[in-house]
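Here's a quick briefing on how two chains meet. Take a look at the structure first, then read on.

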Amino acid sequence: MENQLEQLRTKAGLTQQELADRVDVSRQTIISLENGRYNPSILLAFRLSKLFGQPIENIFIYHEEIENEKSEH
Amino acid sequence: MKNPNTNSSRDNFGTVAVIGGILLFAVGIILRNTVPGTLADNRLLEGLGILLAGWGIVPMFRSIAARRDPAGARRTMLTENDERASELRHRAGYTAFLFSFVASTIVLVVYSALTRGVSGFDPMWYTLIFLSVAPMIVYAIATVWYNRS
């Protein structure tokens with residue numbers, strides 16, 4: 001699953017550690033999320049959504065949707 | 001996901017447990033040397049005191065460290081309760097469980113083959129059967145339990 005976490009974090013001027021502290025996870029989890037190596041729990045997804053003021057589907061992009069978008073273009 | 005701020009009561013428990021353990025240990029020694037015919041004769045109170053103090057020592061030091069560096073302590077708790085770390089622990093635990101099940105079953109089969117034809121009660125064989133079957137029974141019961149809860 002792809003995500004916009006790194007872009008949103010950078011835009012918000014937060015470091016990985018600051019973001020981790022805000023959503024009560026470790027910095028390692030943020031690193032794994034940004035690298036696409038870990039899919040968050042629904043609770044963490046909601047926390048990130050609330051923090052950035054974005055719907056979850058704007059932050060985390062289900063791969064099937066990307067494939068569908070590619071086939072449309 | 002656990003709230004990382006809920007560990008403070010556990011840390012306070014540590015101090016109480018260590019003090020209680022030391023008191024119990026001291027009472028055990030005093031009773032054993034002054035009043036014969038009590039539970040303290042077989043060092044039961046001293047043993048319980050050591051157990052209680054040992055149980056509380058890590059939370060107590062954690063509590064002291066948290067008072068000195070609250071931000072660092074919070075970060076440590078976050079790392080411990082982190083959802084990804086928790087998932088990794090579960091996966092590693094399941095892998096270890098499968099390995100132990102397969103390994104103990106192989107040892108049981110080999111041991112059974114080597115002792116084939118030997119009659120009489122063999123405690124080693126029953127131990128190996130227990131080590132092989134018990135984790136699977138616990139796994140099955142836990143799976144049903146978690147499904148219902």
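A polar contact here is a pair of N or O atoms within 3.5 Å; within protein, one must be able to donate a hydrogen and the other to accept it, and residues adjacent in sequence count only if both atoms are side-chain atoms. By that rule, seven residue pairs (both at pLDDT 80 or more) are in polar contact across the interface of chain B and chain A. Keep in mind that this is a predicted model, where local features need pLDDT of at least 70, side-chain atom pairs count only at pLDDT 80 or more, and totals for chains, interfaces and linings use all residues. Residues are numbered from 1 along each chain as its sequence is written, chains are lettered from A in the order in which they are written, and side-chain values use heavy atoms, with hydrogens and water left out.

**Chain B's side**
- Helices α3 (70–81) and α4 (83–114) of chain B each bring at least two residues to the side that touches chain A (helices are DSSP runs of H or I, at least four residues, numbered from the N terminus).
- The largest share of that side, four residues, belongs to α3(B).

**Salt bridges**
- The interface has two salt bridges, meaning a side-chain nitrogen of Lys or Arg within 4 Å of a carboxyl oxygen of Asp or Glu.
- Asp21(A) pairs with Arg75(B) in a salt bridge, with the closest N and O atoms 2.7 Å apart.

**Thr29(A)**
- You'll find Thr29(A) in helix α3 (residues 27–34) of chain A.
- Thr29(A) is buried, at a relative accessible area of 0% (buried means under 20%, with a 1.4 Å probe and protein chains only).
- Its side chain makes a polar contact with the side chain of Asp82(B) (2.5 Å).

Methods. Buried means under 20% relative accessible area, exposed over 50%, partly exposed in between (1.4 Å probe, protein chains only).
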